Amino acid sequence: MKVFEAIEGRRSVRKYKDKDVEDEKIAKILKAATWAPSWANTQCWRFIVVRDEGIKKDLADALSKGNPATDAFLDAPVVIVGCAKREVSGYKGGEAVTEKGDWYMFDIGLAMQNLMLTAYSLSLGTVQTGSFEAQEAEKILDIPEEVSVVSMTPVGYPDREPNVPERKDLDEIVFENKYGK
Ligand SMILES: Cc1cc2nc3c(=O)[nH]c(=O)nc-3n(C[C@H](O)[C@H](O)[C@H](O)COP(=O)(O)O)c2cc1C
């Protein structure tokens, strides 16, 4: 599959078939995540592959009330949790080197996008999920103090063709030389 075809075709999937996902496909999407760029190649990301039904249910309970991805956490056979070691990305000698501080959100975002695009190319669905009680998820998953849970996605075979949310036109968001021009 060509890159742009995957970028354009990937959608957030919130309905899944009752069908398991092959271990090799999970390994491939995780490998794709690790080929993302990261700050000085520091690779602050860590991933947890959750297949345990009880833990998936607990994670679904940690989502924000009414989160549209909730059923997906129960129906999909796998949930992948993207975590980050803090004070690694954007740091040198223990000090943040830019005014933006910790770049872990950025690095995890890139890795998750690689993961989701590769999942799509393997006929798998995903939905990047950010609206949840992170501290609750960290408790459920035994996350150590220096690590944060950033992002989660169910992974499974889509059960229906999702809607295509519109995108803004380029002339609304792209400027020439200076902002707003
Ligand atoms: C940082 C981030 C957090 C998100 N959190 C959630 C979420 O908690 N629940 C959910 O159902 N979708 C979530 N989404 C998915 C967006 O709603 C979705 O990407 C957007 O509507 C565009 O649809 P598309 O992914 O099909 O192109 C999140 C996406 C991003 C990038």
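I start at the ligand: one of its oxygen atoms has a backbone N or O atom of Ser131 at 3.1 Å. That is a polar contact, a pair of N or O atoms within 3.5 Å; within protein, one atom must be able to donate a hydrogen and the other to accept it, and residues adjacent in sequence count only if both atoms are side-chain atoms.

Before going on, the ground rules. This is a predicted model, where local features need pLDDT of at least 70 and side-chain atom pairs count only at pLDDT 80 or more, while totals for chains, interfaces and linings use all residues. Residues are numbered from 1 along each chain as its sequence is written, and side-chain values use heavy atoms, with hydrogens and water left out.

Back to the ligand. How many residues surround the ligand? The count is 14, and the closest are Arg11, Ser12, Arg14, Asn67 and Arg167.

Ser12 places a polar side-chain atom 2.6 Å from an oxygen atom of the ligand. For Arg14, an N or O atom of the side chain is 2.8 Å from a ligand oxygen. On its own, the ligand has 620 Å² of accessible area, and the protein covers 63% of that. Such areas come from the Shrake-Rupley method with a 1.4 Å probe; for residues, only the protein chains shown count as cover.

Next, helix H3, residues 53-62. Helices (H or I, at least four residues) and strands (E, at least two) are DSSP runs, numbered from the N terminus. Which residues of H3 are buried? They are Lys56, Leu59, Ala60 and Ala62. The buried residues line one face of H3, because they fall within an arc of 160 degrees when seen down its axis. The arc is that of the directions from the helix axis to the C-beta atoms. Glu53 and Asp61, on the other side of H3, are exposed. The cut-offs are under 20% relative accessible area for buried, over 50% for exposed, and partly exposed in between (1.4 Å probe, protein chains only).

What do the buried residues of H3 pack against? Their partners are strands S1 (45-50), S2 (78-85) and S6 (147-156), together with helices H4 (70-75) and H6 (134-140). Contact here means heavy atoms within 4.5 Å. At the N-terminal end, H3 is capped by Asp52, with a side-chain oxygen 2.9 Å from the backbone nitrogen of Gly54.

Strand S6 brings us to Thr153, which lies in that strand. Is Thr153 buried or exposed? It counts as buried, because its relative accessibility is 0%. Its side chain reaches the backbone nitrogen of Val127 at 2.9 Å. Leaving aside neighbours within four places in sequence, Thr153 is in contact with several residues, including Val78, Ile80, Met112, Leu115 and Val127.

Now the loop between helix H2 (23-34) and S1, where Ala40 lies. Thr42 is in the loop between H2 and S1 as well. Ala40 is exposed at 67% relative accessibility, and Thr42 is partly exposed at 32%. Apart from neighbours within four places in sequence, Thr42 is in contact with Val88, Ser89 and Asp107. Thr42 and Arg14 are 28 residues apart in sequence, and their C-alpha atoms are 32 Å apart.

A note on backbone angles. Most residues other than glycine have a negative phi. Ala40 has a positive phi, near 45 degrees. Asn177 also has a positive value, near 65 degrees. Asn177 sits in the segment after H7 and is exposed at 80% relative accessibility.

Last, two more single residues. Val97 lies in the loop between strand S4 (95-96) and helix H5 (104-121), and it is partly exposed at 47% relative accessibility. Not counting residues up to four places away in sequence, Val97 touches Trp39, Gly90, Tyr91 and Lys92. Lys2 is in the segment before helix H1 (3-9), exposed at 64% relative accessible area. Lys2 and Ser121 are 119 residues apart in sequence, with 9.0 Å between their C-alpha atoms.

Notes. Near = heavy atom within 4 Å.
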